[in-house]
Amino acid sequence: MKKTTMLMIFLALCFGIAVAQDKPAAPPAQPQATTTDPIIVAAGDVTIRQSEFENAIKTLPPEYQQFATGPGKKQFAEDYLRMKMLAAQGFKDNLQNDPEVTQQLNLMRENLVANAELQKMEKSIQLSDADLQAIYDKSKNEYEQVKARHILIAFKGSPAAQAGKKELTEDEAKAKAEDIKKKLQAGASFEDLAKSESDDKGSGARGGDLGSFSRGQMVPEFEKAAFEAKPGEIVGPVRTQYGYHIIKVESHDMTPFEKVKDTLAKRERQRRLQESLDTMKKNANPTFNEAYFTPPPPPAPKMEAAPTPAAKP
């Protein structure tokens, strides 16, 4: 699988090298090996220096670079040599002037230049710590976390319903949850009741502990109740698809700016880049041939033939 995938990458690499060629390659003179950049592969008129080989590796995705610099180095060299030999023979056969090849070369050239321009635009986007801090402050809700415990009482049909345990109707489950809340308000241990009563056996074994979670990690009804509750407050019963929850919020915290700074920078850089691309397209005022781009109408349904009357005897 690894070899097949890398061969596909080499095919794309072959296009990239061919893009740089405008004329048939003349048979190269045999260069003299140097100590700083030695020839590491030679086959007929084709030679590969260490610097060229290592630069070729850098064109691979990161996960394949590790393979090509480690256990797959010789395999990469063999496949790279094969590509170089095929390209050299193709130039000798003047295939670079074949109309179809020329069209693909032009497309690849434009694609390479477009990617280079995209990288240039992205690098030009400067973000200061103050910029990122302002973005963080504006979207603090995304970085708020709640640490909470819960006790779940499942009703019939709930994904959390326990096999072999008496099934409760919704009314019965809600009544049981309300009774548990009264016991908690009277001073009962949340952890003990979670262990004995909760149908969420995973958190129940930990005294109902759910750890810390951010927005978007829990079902909406549960999230709303948990984030609105104050530290130390017990709320519920809250109905979700899993049953009725009694929730105890232990704390509200914020993910520190330094922990999300890099993620914020990446996201903001991508947002600004997309904004620049949208502006570029808008300013160019593009038009499209609607007759060409309008989808064809769906095929008309086939008419069923009327049954043939049975012949009279």
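At what angle do helix H6 and helix H11 pack, and how far apart are their axes?

Reply: The model is predicted, so local features need pLDDT of at least 70 and side-chain atom pairs count only at pLDDT 80 or more, while totals for chains, interfaces and linings use all residues. Residues are numbered from 1 along each chain as its sequence is written, and side-chain values use heavy atoms, with hydrogens and water left out.

Helix H6 (residues 129–138) packs against helix H11 (residues 257–284) at about 100 degrees, and the two axes lie 10 Å apart. Helices (H or I, at least four residues) and strands (E, at least two) are DSSP runs, numbered from the N terminus. The axes are lines fitted to C-alpha atoms, for helices over the stretch in contact, and angles run from 0 to 180 degrees between N-to-C directions. H6 and H11 are therefore roughly perpendicular to each other; angles under 35 degrees count as roughly parallel, over 145 as roughly antiparallel, 65 to 115 as roughly perpendicular and the rest as oblique. On the H6 side, the contact (heavy atoms within 4.5 Å) is made by Asp129, Leu132, Gln133, Ile135 and Tyr136. H11 contributes Phe257, Val260, Lys261, Leu264, Ala265 and Glu268. By class, this contact of H6 with H11 holds seven nonpolar, one polar and three charged residues. Here Ala, Val, Leu, Ile, Met, Phe, Trp, Tyr, Cys and Pro count as nonpolar, Asp, Glu, Lys and Arg as charged, and the others, Gly among them, as polar.

Glu52, Phe53, Ala56 and Ile57 of H2 meet Lys73, Phe76, Ala77, Tyr80 and Lys84 of H4. The residues of this contact of H2 with H4 divide into six nonpolar, no polar and three charged.

Turning to the strands, E1 (residues 39–43) and E2 (residues 46–49) pair in the antiparallel sense over four bridges; pairing requires that DSSP find at least two bridges. Val41 has Ile48 of E2 as its bridge partner. E1 and E2 form a hairpin with two residues between them, and Gly44 in the turn has a positive phi of about 65 degrees.

Finally, Ser158 is found in the loop between strand E3 (144–153) and helix H7 (170–185). Leaving aside its neighbours within four places in sequence, Ser158 is in contact with Gln241, Tyr242 and Gly243.
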